[in-house]
Amino acid sequence: MSERRDPPKPGSSKPAAPLDGEARPTAGRLRKLDSLDAARYAPVPERPAAAPGRSGEQDPQRTSAARRERRERAAAREVAGRERNPRSDGARGVGPRSNGPRGDGPRGDSPRSDSRHSPGARGSGPRSAARSPGQRDAAPRGDGDGRSAGERRRDGAARPGAARTGDKPRPPGVRDRDREPGAEPYARFRTEHPAAPPLPADDGHPGARVRAIAARTLDAVLHRGRSLKAELATALPALADSRDRALVEAICFAVLRQPLRMEAALNEWMPRPLPPRDSELRALLLAGLAQLDPMQLPAHAALDATVQAARLLGRAHQAGLVNALLRRAQRDGLPAVDPRHSHWPSWLRGMLRKDWPERYDAILAQSAVEPPMWLRVNRAQDARDNYMQRLAEAGIAASASDGLADALRLDEPRTVAALPGFADGAVSVQDASAQRVADALAPAPGARVLDACAAPGGKSAHLLERDGSLRLTALDVDAARLQRVRATLARAGFDDGRAQLQAADAADLDAWWDGAPFDAVLLDAPCSATGIVRRQPDVVLHRRESDIAALSLVQARLLDALWRTLAPGGVLVYATCSILKAENEDQVRAFLARTDDARIDPLGPAFGHDREVGRQRLPGEDGGDGFFYARLRRAG
């Protein structure tokens, strides 16, 4: 790896670094290999081939013999490597990923591993296996093209699958030729991890257990491609105190919203990157730095608990390193990070810059901050002003929104257990932008309504809270997620059978539709979730470029199918929590072009920026998430 270089200083004659989403030079400063910002890596410079015919060169015959010998040794190493590590036969960077279409959970619940980091990969180099004198002649001769391994690499040929001693890990920005374009680059540096042993009881340092659980959660998300939501659902029940559970969540979110800030400190202060086997330690260091900045927790408590967490994780020999790095962060603060760089993948930054050139910086900035907590008051039980008074009596400050009839914004986030009447359905947690969906649909009293992708049920409940006479059908393709819809409706007081729930693919009409048309259809479509990154920060770590095209096909299939269930004169609202044009306005325009009886029903300025076929709200605008709305009416 080339030596690290400092960025150009102001007034320097060196060219400025390119902006996110723009082309980057093919050579230059290399960052540490554990970085999340793949676009800031440069390829390893190729070694120039020697010019033939110079004086002093070796005899061509001797050179050819040496090359043959090297090929034979490389082939023998490849065979030995496959025997030691069968996984190394496959192309690097290719592995199973989960492909759930919705933005509720990120990709990657199945870990992938690079053969270079597999347990059997180490030791498969030239020093690993003893060779008998006759083995050289019996070994196969590679691909038989008459070139050395170095020549094949320079010409772009595929490398043998087995790892070899001396191989340098390829930075995430340098893509394997057989790797899917747009695949999440950071996953190539993940390794297989054995199941972590249970944490020992440590009553003397209760805060250490919280930090250890946060570190293990971050390790799973960052280094094994797990879903943050799924990991928290598994980890949090181990903590009895709701305050401890809230702290674990806060630490994880603080790291994942701004990972480059903490990563810059590790890159600058550590003499060398931590090896993959220390991924849990790296996650603990990130968690410790996040407590100091941006969370601004008391330094003495954060330091002591994080150092004790290292011992709790079985890393007592590394507790001194944790203590030293956190004390330096306390003394010097975290290093500055160039605001032009982001941990979002380069392909996604490029799409954002193309779609929203004037608002690009604001989108990234708003997606990296903690969002406000919004409540939706159940008007079927109480008026918003009355519930606001209940909050004040409980010592919870909140403000009402003029544009949203049921919304309250808390000054400070609280646990749902602290909200008066939450268990009885008096109030629900729902972002302001999501609450606008009911305003966009606005079904007539007693209308027959379909919520096509209903889980987790917040929008179905909101529609019934506004009009209990609606004849609502709620669908979801996942039966387990449909149970969340059932629980949400039951808590809000609608478990009396007025809502019909079905587990089915909404696009497969034969599987669920009885042929009776609906007066209103809500399609909250599966999408990239790029408008809610501040609430699901791991989305950008696992999202792949190919996901956008796949999701667009799912969205088009749902639109075409559900349009057939809509009565003439009925309304369909197409909504996503995406800010990408490909999933929003481009999708609606394509639908209008192929659907003769579809018309745009305009929405007002309260729904965001006018995109001709719909309205778009961006992250942070009026405190809400990024959301797209299009209201379509069927002619006749």
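Student: Is Asp 519 buried, exposed or partly exposed?

Tutor: Buried means under 20% relative accessible area, exposed over 50%, and partly exposed in between (1.4 Å probe, protein chains only). Asp 519, at 36% relative accessibility, therefore counts as partly exposed. This is a predicted model, in which local features need pLDDT of at least 70 and side-chain atom pairs count only at pLDDT 80 or more, while totals for chains, interfaces and linings use all residues. Residues are numbered from 1 along each chain as its sequence is written, and side-chain values use heavy atoms, with hydrogens and water left out.

Student: With which residue does Asp 519 form a salt bridge?

Tutor: A salt bridge is a side-chain nitrogen of Lys or Arg within 4 Å of a carboxyl oxygen of Asp or Glu. The partner of Asp 519 is Arg 471, with the closest N and O atoms 4.0 Å apart. Arg 471 is partly exposed, at a relative accessible area of 48%.

Student: Which residues form a salt bridge with the closest N and O atoms 2.5 Å apart?

Tutor: Those are Asp 622 and Arg 617. Asp 622 is exposed at 56% relative accessibility, whereas Arg 617 is buried at 4% relative accessible area.

Student: How many residues does the largest nonpolar core have?

Tutor: A nonpolar core is a set of buried Ala, Val, Leu, Ile, Met, Phe, Trp, Tyr and Cys residues joined through side-chain atoms within 4.5 Å. The largest has 53 residues, and Val 248, Leu 285, Leu 289 and Val 322 have the most contacts inside it. A second, separate core of 36 residues includes Phe 627.
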